[in-house]
Amino acid sequence: MVRQISRRAVLRLLGGASVLTALSACSPPSPTPTPAPPAEAPKPAAPPTPTPAAAAPVSAPPARIKFQSRGGDAILKVTQTLVAEFKKAFPRIEVEIDHTTGDHFQKVQLGVAAGNPPDVYFDASLRTGGLGWKKGIIEDLEPYLRRDFNPDEHIKEMWIAMVYDGRRIAVPFDSGAMALFFNIDLFNQAGLPLPDPKKRLTWDELLQLATRLTLDVNGKHPGEPGFDPTRIKQYGFAPTLLHGHEHWIYTLGGEIINKEGKVTVASPEAIEGYQKLADWGVKHFVGPSPEYKQANPVGFAAGNVAMSEEGVWMLGRTNDAKINWGVAPFPMQKIPVSYGHYSGQSMTRMSKAKDAAWQWMKWVSLDKEGQTILFKGGLLQPTRKDLIEAFINDSQPPAKQYREVFYNELDPNTIRWPGQHQNSFYLGYRQYWIDAWNPRYDPVLRGKKPYREIAQEVQEILQRIIDTGEPATQ
Amino acid sequence: MISVLRVGSRSRPGLRYRLQEALIGWAFILPAVLGLLFFQLGPVLASLYFSFTNYDIVTPPKWVGLTNYVRLFTADRLYIKSLTVTAYYSALAIPLSLVVAYLVALLMNQRVRGISLYRTLWYLPSLVPATANGVLWLWLLNRDFGPVNFFLRLAGLPAPAWLSDPNWTVPALVLVHLWGVGNAVLIFLAGLQGVPQHLYEAAEVDGATWWHKFRHVTLPMTSSIIFFNLVMGIIGTFQVFSIVYIIFTPPATEIGTAGPENAALVYVLYLYRNAFQYFKMGYASAMAWVLLLIILTLTLLVFRSQGRWVYYEAVRR
C-alpha cells in the first residue's frame, strides 16, 4: 500500500509547530495562573506592622529559612561561612543558600509570584530596594529594630539607601564609603607625590595629576602631539559613573532632588558638574569613555588606572589583584562632599519564618560575629563602632591611614546623596531613574552632545518619575 | 497491512489513508503538543487574562479591560520605539540571513575535498552559547581595534562605531545574527541535496546555463525550504533578546541598557523591563500578546503568499 505525505503537509506541520512555539514564547516568562499575593497583601504607603516574637533562643522550635544571595564567588564564599557559623550559634535554624549570579531581583519576583519567595534576600537597596518596598515585597523592619537594635552600637550613616517612606527596610550586608583609590606603584613610576589621605584634591589638581598619569601605547600624555586616545596603556583617573557620581554636582553647591522634592538636574551647577564628569573621558582624555573602548580590560583592579573612584566593597578584589594602593577622599571643587551607602539584606513579607529570618539578619548584619565575617571577607565596612578599630588596623592593604579615609568619608557633614532631604534614596525610584537617564546621558559621555542640550528634557522626565511613581515612557 | 510512505506519489489517497496520515502526523508532534498542553497552555492563557489587568505580582490582578493595550499605542513612546527598533532589525536580519544562508548552502553543496570540514566550520558558530557570542562580538566590533573594522579599513571603507553609534547599533546586531545562520544553512543544504539530479541533466540537454539551472531548477525546488526559513526567521527575529541583553549589560554593574540612546531597545527587552523591573506584569502580558499577533499576522501573510512563489512538487503533479 502506498502512502503519500506531501512536502506541503510536512511544511504545514512545521509551520504550525512554529506558530505554537511563538505563542508559547510570547507568554510572559513564568507567570502563574493563580497569582499568589500574600494574604496580608500590604499597602505600600501604610505597611502592616509586624509583631516580632521574642528572639529565638536555642530552645525555639526548629525553623528553615531560605537566604537568596547574589554576586560572584567571593560573596558566595562569605555567605557559606556565615551560614556555617550561624549554624553553630543557632543549631535549630537551618539556612538554605539560594545564590544567583544574574538578575537577582527577577528571581525574587518569580519566587513571590509562585508563593515561594526567599525569606531573606541580598541585595535589597539602591536600584531595587525602594521598588521592593513600595510594591510590598519587603517587610518593614522597624518593629524588629525597635526591639533588638541598639543605635549606640553603630554609626549613624549605616541606613543610607535602606530607608524608604521613613521605614528601615534592610540591614547592612555589603558596602560602605566610596573614596579615591590610587595606585602607589603608578604614582612612583611617574615620580609624582601621593595624594594626601586627609586632603581633597581640587578638580584642577586632579586634572594635572591625571594628565601626567595617562599614557597611550606610545608613552604620550594627553595634549602632546600624536597622543592617541584610542590606544591607552594607562588612564590617570576613572570617575564613578554610577554610585556616588552625584558628588560632581554637590561639590558645586548643586542639588539632584531639592528639599521640595524637585529634580534640579538642569541647574547651572548640575550642567557644569555633569559636563565635567563626561569631560574626563572625551575632552581631557584622562579617563575611560564609551567613546574610546580599549582592547584590554580597564579598571583599578586591572592595574591600568592610576586613580579611581571606588567603593570599599572593592577592597577585597583590589587586594586579590595584588595592587599596591592607597586611598584619598573624593575630589572637590567648591564644597567638600563625600558619599557612601550600604547594600542590605531584606526580609520578604511573605516569609513564613519571620522570627528565624530576623534572627539570621540580626546575627549577620548587626551583631559582632556576623559583621566581622563580612568585613574580613571584603564586603562590609563595619557599622559597629566596636569593629571600627579592627577594620582600620586590619593587616590587609591599604595601610591604616588609608583605611581611616573610609570612615572619614562617612562624615554626616560631607556626605550627600539624592533623596537625602526626604531620607529616601532617589525617593525609591532609582531603577526608573537609571532607565530614563542612561540613554540620554550616553551621547554626553561620548562627547556627541553637551549636557546643557539635554538638561531640561531630562529634568522634566525625571520629575515626572518622582511625581507619578511611574517609569518613563519616552 | 504494510504502509509505505512515498513522497511524490501519483496515487490519490483515500479517506482511510488520509486518516492514517493524520495519525502518523499527530504521533510525531504528540510530545510537543503534550508539552504545550501541560506546561505552557496554562501560563499562556493566564498571560492573556493578565493582559487585561493591572497585575504587579504581589497584589491580586485588577481588571482594567483594554487599558493596557490602549496605553501601548497612545501613551508609551518607548513602546513605539521598541516596535520600530525590532521591525528595523527584522527587516534587515530576515532577508540578509536568508540570502547569506542560501549562498553558503550553495557553496557547501559543492563536491570538493574537505567539504565536511567546511560544513562543520559553518555550523560551529550556531553552537556557541549566547554569552560567549556576546563577549566575542564586543571585541570583534570594537571601533578602534576590532578585526571587523580592521578589514574595513584595509578595504578603504569607513569603520563605524558599531556598538556606540546609535545609527550602527542595529546593523551590528544583524551582523551578530548573521554569524549564527548555521542552522538555516543546514536546512537549505538538506533541501539542495533533495533536488533531483535528473532535472539538472534535462536542463543541460536543453542547453541551460548555470544561471538558468539555478533560476528554473534550484530556486523553485528549494522554495519550500526558503518558505520554512522565512517563517522561522520572522518568529526568531521579532523575539531577539539575549544578545542585546548580554552586549549592553556591563557585568560589573548588572545594569542593563538598551544601547546608545536606546538604539537597541528591542521589543522583548522592553517587555522584560516592564515585567521584571517595573512590576508591570499585566502591561508586559499585553505586550506579549501584541507581539504574538504581529508574528501571527506576518506568518499568515507569508502562508497566504506561498501559492505565488512556493513550489510543491506533489501538488503540481
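## Terms and basis

A residue is called buried when its relative accessible area is under 20%, exposed when that area is over 50%, and partly exposed in between, using a 1.4 Å probe and protein chains only. Helices (H or I, at least four residues) and strands (E, at least two) are DSSP runs, numbered from the N terminus.

The model is predicted, so local features need pLDDT of at least 70 and side-chain atom pairs count only at pLDDT 80 or more, whereas totals for chains, interfaces and linings use all residues. Residues are numbered from 1 along each chain as its sequence is written, chains are lettered from A and ligands numbered from 1 in the order in which they are written, and side-chain values use heavy atoms, leaving out hydrogens and water.

## Chain A overall

Chain A contains 16 helices and 12 strands. Of its 474 residues, 61% count as buried.

A contact means heavy atoms within 4.5 Å. Among contacts in chain A between residues at least 6 apart in sequence, 75% join residues at least 24 apart.

## Strand 10 of chain A

Strand 10 of chain A (residues 305-311) is largely enclosed by the rest of the structure, because seven of its seven residues are buried.

Two strands pair if DSSP finds at least two bridges between them. Strand 7 of chain A (residues 171-183) runs antiparallel to strand 10 of chain A, and five bridges join them; here Met178(A) stands opposite Gly311(A). Strand 9 of chain A (residues 232-238) pairs with strand 10 of chain A in the parallel sense over three bridges, and Phe237(A) has Met307(A) as its bridge partner.

## Helix 14 of chain A

In helix 14 of chain A (residues 400-408), the buried residues are Tyr402(A), Arg403(A), Val405(A), Phe406(A) and Tyr407(A). Their cover includes strand 7, helix 6 (184-190), helix 10 (315-320), strand 11 (325-328) and helix 13 (388-392) of chain A.

Leu41(B) belongs to helix 1 of chain B (residues 15-50) and is partly exposed, with a relative accessible area of 31%.

Ser242(B) is located in helix 11 of chain B (residues 242-247). Ser242(B) is also partly exposed, at a relative accessible area of 38%. Its C-alpha atom is separated by 40 Å from that of Trp211(B), which is 31 residues apart from Ser242(B) along the chain.
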